[in-house]
Amino acid sequence: MRTVWAAVALAALAVLAACGGSSPPATPSSSSHSHSPGPQPEVGLADGADVGQYHGDARHTGAYQGVATPTSLAVGWNRELDGAVYAQPLVVGGLAIVATENDTVYGLDAGTGAIRWQTHVGTPQQASALPCGNIRPTVGITGTPVYVASTGRIYFVAEEDGPKHELIAVDARTGAVALRQNVDLGAAGTKPDAMQQRSALTTANGRVYLTFGGRDGDCGTYRGQVIGVPLAGGTPVSYTVPTAREAGAWNAMGPAVDAAGDIFVSVGNGAAGEDPGHKDDPYDHSDAVLKLSPTLQLLDFFAPANWRTQNAGDVDLGSTGPTLLADGLLLAIGKSPTVYVTRQAALGGIGGQLSATGVCAGYGGTAQAGATVYLPCTDGVRAVTVSGTGTVSTRWHAAEAVNGSPALGGGAVWVLDKSSSTLHALAAATGKDLASVRLPAPVTRFATPALSGHAAYVGTEQGVTAVAISGPRRIGQT
C-alpha cells in the first residue's frame with residue numbers, strides 16, 4: 001500500500017528540523033493498550049509513501065520512490081521509547097510504527113513523533129536468563145514487522161518471558177491486538193531459549209512468513225526454521241533445515257519472495273563439517289540459499305563448493321539475505337569475501353554458481369536498483385554491477401566506517417555509520433557524501449532507515465529518530 005499525503009507543511013518541517021530535541025521516554029500503562037489524547041494532524045515530515053515492510057517490498061529492494069533529493073539533513077524529531085529498537089520502523093497511514101525490545105509497539109505521528117497509540121504485548125525475556133546472546137537487558141521484538149493492507153494489521157514476533165515466541169497482529173490505526181499465536185513448534189533440535197527471531201517478517205500467499213536462527217554465541221539447541229502462518233491465524237506450514245544443529249536463518253533482511261510466491265532464504269553454518277561427530281557427514285543444506293514453495297517445501301538450493309570448510313570456519317552465507325534481481329539473477333553475500341551470482345530459476349546446487357567474485361564480507365541487508373546492488377560490506381558499503389551473465393564489478397567503495405545496511409531514495413544511498421551514529425546520504429552514482437547528520441542516540445549494528453517523502457526514520461538503542469530531508473521531491477524515482 002502506498003499513500004502519498006496531499007501537501008507538505010514546510011513551515012512545520014523547518015521548525016522540527018531546527019528544534020529537534022529529545023522527548024521523554026514513554027512508559028507502558030498498567031493496561032496493555034493505550035491512546036495518547038489530542039488531535040492527529042498530518043504535518044511536518046508525514047508527506048510520503050507508506051513503508052510496509054523491511055526495505056519496502058517483498059524482494060527487500062530497499063528502493064523507495066518519491067523521496068526528496070538530499071541537499072541537507074537535520075534531526076526532525078527524536079522520541080525515546082521503553083526499549084532499544086532493532087527492527088526497522090514502518091510508515092503506515094501517517095504513523096511511524098516502531099517496535100521495541102521491551103515488547104511494546106508504538107504508533108507515532110510521523111510528522112511530530114507524538115504517541116498516537118502504544119501497545120505493550122507481554123513481559124520481555126530477561127537476557128540474563130538466556131544461555132547466550134547480545135541483545136540486552138531484555139529480548140522482546142527484534143525482527144522488523146510487516147504491514148498487511150488486506151487486514152489493516154501489523155504482524156510481528158514478540159519474545160516473552162519463559163521464553164516463548166508469539167506471532168502477534170495489531171490494528172495499524174489503533175494498536176488493538178487482533179491475533180496471538182505461539183510459534184514455538186517444538187521441532188526436534190529446537191528449544192525456545194536457544195531460538196531467536198531476528199529476521200524481518202514478510203507476507204505472501206495469504207500468510208506471514210518468519211524465520212528463526214540462534215543467539216549470538218550459538219549456544220543451546222537450535223536449527224534454522226522458516227514458518228508461514230495464515231493471516232487470520234491457524235495451522236502453520238514450516239521448514240526446518242535438516243542438519244544436526246544450527247544453520248540459522250537469522251539475518252536482518254529475512255526471506256525474499258519472487259513473483260510466483262516462492263520463498264528464498266539464506267542460512268548459516270550447520271553441523272556437517274564442523275561438529276566433531278559430524279565432520280564427515282554428507283551435505284545438510286546449511287551454508288546455503290534455499291528456495292521454498294509457498295507451503296515451504298524445498299524446491300532448490302545453492303551452496304558454495306567449499307561449504308564444509310566454511311561451516312568449520314563459521315564463514316557462511318547466513319549473515320545477509322538473498323538479493324533477487326529483476327532479471328532473474330540472484331546475488332548472495334555472507335561472512336566470506338566472496339560474492340556469488342546464480343539464477344533464481346536454477347540455483348545450481350553445490351558449486352553451481354554463475355560467478356564467484358572476491359569483493360567483501362557483508363552483514364545485514366542489501367539494496368538494489370536495476371543491475372546495481374549496494375552491499376553492506378564490513379569495510380564500507382560497496383556499489384557493484386551485475387551483468388546479465390553474472391559478472392560482478394565494483395563501481396565505488398564508501399569509507400570503512402560507513403558500513404550499515406543501505407537503502408535508496410532521492411538519488412542517494414542512505415547508510416549508517418554505527419561508530420558515530422551518523423546517517424549519510426551518498427550519491428548513488430559515485431558514492432560521494434551529499435549530506436549527513438549525527439543522531440542523538442546510538443544505533444544497533446543492523447539498523448537501516450525507512451525513507452518516506454522528506455523523512456528518514458531510524459531505530460536507535462533508545463527509541464526512534466526522524467531525520468528531516470531538505471531538497472526537492474523525486475516522484476517515481478529512487
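Predicted model: local features only at pLDDT ≥ 70, side-chain atom pairs only at ≥ 80, totals over all residues.
Me: How many salt bridges does the structure hold?
Reply: The structure holds 9 salt bridges.

Me: What makes Asp314 and Lys335 a salt bridge?
Reply: Their side chains meet at 2.7 Å, N to O. The cut-off is within 4 Å, between a side-chain nitrogen of Lys or Arg and a carboxyl oxygen of Asp or Glu. The pair Asp314 and Lys335 therefore qualifies.

Me: Why does this pair tie together parts that are 21 residues apart in sequence?
Reply: Asp314 lies in the loop between α2 (307-313) and β23 (323-324). Lys335 lies in the loop between β24 (329-333) and β25 (338-343).

Me: Why is Lys335 called buried?
Reply: Lys335 has 16% relative accessibility. Buried means under 20%. So Lys335 counts as buried.

Me: Why is Asp314 called partly exposed?
Reply: Asp314 has 31% relative accessibility. Buried stops under 20%, exposed starts over 50%, and partly exposed is in between. So Asp314 counts as partly exposed.

Me: How do you know that Asp379 and Arg382 form a salt bridge?
Reply: Their side chains meet at 2.6 Å, N to O. The limit is within 4 Å, so the pair qualifies.

Me: Are Asp379 and Arg382 each buried or partly exposed?
Reply: Arg382 has 10% relative accessibility, so Arg382 counts as buried. Asp379 has a relative accessible area of 27%, so Asp379 is partly exposed.

Me: Which residues do salt bridges that share partners join into one network?
Reply: Glu160, Glu166 and Arg180.

Me: What makes Arg116 and Asp109 a salt bridge, and are they buried or exposed?
Reply: The side chains meet at 3.3 Å, N to O. That is within 4 Å, so the pair qualifies. Both Arg116 and Asp109 are buried.

Me: What is the strand order in the open sheet of 4 strands?
Reply: The order is β32-β33-β34-β35, with antiparallel pairing.

Me: Why do β32 and β35 stand at the edges?
Reply: β32 (407-409) and β35 (433-438) each have a single partner strand. One side of each is therefore left without a neighbour in the sheet. Neighbouring strands of this sheet are turned by 25° against each other on average, direction ignored.

Me: How do you know that β34 pairs with β35?
Reply: 5 bridges join β34 (residues 422-427) to β35. Pairing needs at least two bridges, so these strands pair. They run antiparallel.

Me: Which residue in β35 does His424 stand opposite?
Reply: His424 stands opposite Ser436.

Methods: Residues numbered from 1 in each chain as written. Heavy atoms only, no water. Buried < 20%, exposed > 50% of the residue type's maximum accessible area, 1.4 Å probe, protein only. Axes fitted to C-alpha atoms, helices over the stretch in contact; angles between N-to-C directions.
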